[in-house]
Amino acid sequence: MQIIYFVLMKKNQFIILSVLLLLSTVSFAQKDTIPFFKGALKENRDKHYKNLINNTITKNLELPLADSTEANWEDAFWAMELTLYRSPLLTPRIRLALDSAKVRSYEFQRSLLEMVYALYPKEFTKEVSGLITSDSAKIFAMAAEYLLRAGYNKAEIIKAVTSRSKAQPNDPIIKSLLNTIQPVSQKLSKQMLADLLSKKFLPGNVIVYSLQRKNRNYPGITIIRDKAGNFYKTGVSNIFYVSQLTRSISNLPGYLTKGNTPQGIFRMFGFDVSRAAYIGPTKNIQLTMPGEASLQHFLKDSTITDSIWTENYYKKLLPASCKKYVPLSQSYYAGMAGRNEIIAHGTTVNPEYYKGQPYYPYTPTEGCLCTKEIWSEGTGRLTVSDQQKLVDAVQAAGGPDGYCVVIELDDQQKPVSINEILPLLKPAK
């Protein structure tokens, strides 16, 4: 046995998770036509899962909580989210972490709140309420979102958010949180959607549309518009589509680190292959957000001399009917809040972690747009790859230079189907 290190990006830093696995578990065949991932073999998946539970979670949480062990506890929180692992034996340790959270580091607080939000939606309201006074806008927002969702002391939480917004009116996190408690009454209209799908929207660009539900437990649909403004087809008449999950493991709102994919516009600018073992070898589509890329790059306008992002610049890309529709500015505020590295990719994560969930066999991510990929537990071969289909279609439509637009259609509690999308494309001219 050897120690393999899975390296995961957390905002501006790397966290290294040591995982006891056979070296071959994370190797990929380089010459085979059909991708091969030894980590998908049943024996290796079983070993990996047991190691996550016994070592990354249980042993790490058995350690005394101190400055020197915070990273161990954070690794445990991440593994709990990845596997949706809950155990009554862990409850006292989680309560211990929450009770001492005020004196812990910012990153520990963020990691702890993320895990609790993902796995314990109502169990720790009293403990989380102690963090509502945090000086950090992000910790304050995470605590407020948790308590608001649980219905805990709602009037007081709203009062605290309103007060914070007066003190920090331009903070992108606080502004986004305020939109949570004061949601716009305006809904996405048929005209808005028609304008977004129209040839007149971002003309001359390849556009990948990810059409989603408000409840990200349900997969959405991805379609592609080519440079001429036509929706890419397979064959003579069939509109190309694949299903896509934009739910994060945490299910936090999109403006927060590792939250769901925000609504709005992303700049698309190429393919790449990730080194992250859980993403796998299939090409991904590179995306950037406002703030993550320069104005010149994002707006595809080399004549811009400004270097300071404003929402007005972002809104220049939106149709007139959508400029006041706040939800479509989520990607702007998320970018201003520091979110980055959101891409469209495949997966090697074991879907069995999520059996029984509405999105199964899709696998949630840390906030990216993820298609379905199925790896054989018997052969390690890739048997289904909607990601490869998506990459091939983007290339055929003109290449990965343009935009990706994430749109929440409504709040129906079911996956988005192509049959409901097709009628929307007829008036899009």
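The legends below describe close-up views of a predicted model.

**View 1. The buried residues of helix H14.** Helix H14 spans residues 418-425, and within it Ile 418, Ile 421 and Leu 425 are buried. Seen down the axis of H14, the buried residues fall within an arc of 60°, so they line one face of the helix. An α-helix has 3.6 residues a turn, so residues three or four places apart point the same way. The cover over the buried residues of H14 includes helix H9 (190-197). Strands also contribute to this cover, among them E3 (206-213), E4 (220-225), E6 (238-239) and E14 (401-410).

**View 2. The cis peptide bond between Tyr 360 and Pro 361.** Tyr 360 and Pro 361 are joined by a peptide bond in the cis form, with an omega of about 10°. Pro 361 lies in the loop between strand E10 (344-345) and strand E11 (369-370).

**View 3. Asn 153 and its positive phi.** Asn 153 is a residue other than glycine, and its phi has a positive value near 45°. The loop that holds Asn 153 runs between helix H6 (137-150) and helix H7 (154-167). Asn 153 is partly exposed, and its relative accessible area is 43%.

**View 4. Lys 258 and its positive phi.** Although Lys 258 is not a glycine, its phi is positive, at about 60°. Lys 258 is found in the loop between strand E7 (242-244) and strand E8 (264-272). Is Lys 258 buried or exposed? With a relative accessible area of 9%, Lys 258 is buried, because buried means under 20% relative accessible area.

Notes: Residues are numbered from 1 along each chain as its sequence is written. This is a predicted model: local features need pLDDT of at least 70, side-chain atom pairs count only at pLDDT 80 or more; totals for chains, interfaces and linings use all residues. Side-chain values use heavy atoms; hydrogens and water are left out. Buried means under 20% relative accessible area, exposed over 50%, partly exposed in between (1.4 Å probe, protein chains only). Helices (H or I, at least four residues) and strands (E, at least two) are DSSP runs, numbered from the N terminus. The arc is that of the directions from the helix axis to the C-beta atoms. Contact means heavy atoms within 4.5 Å.
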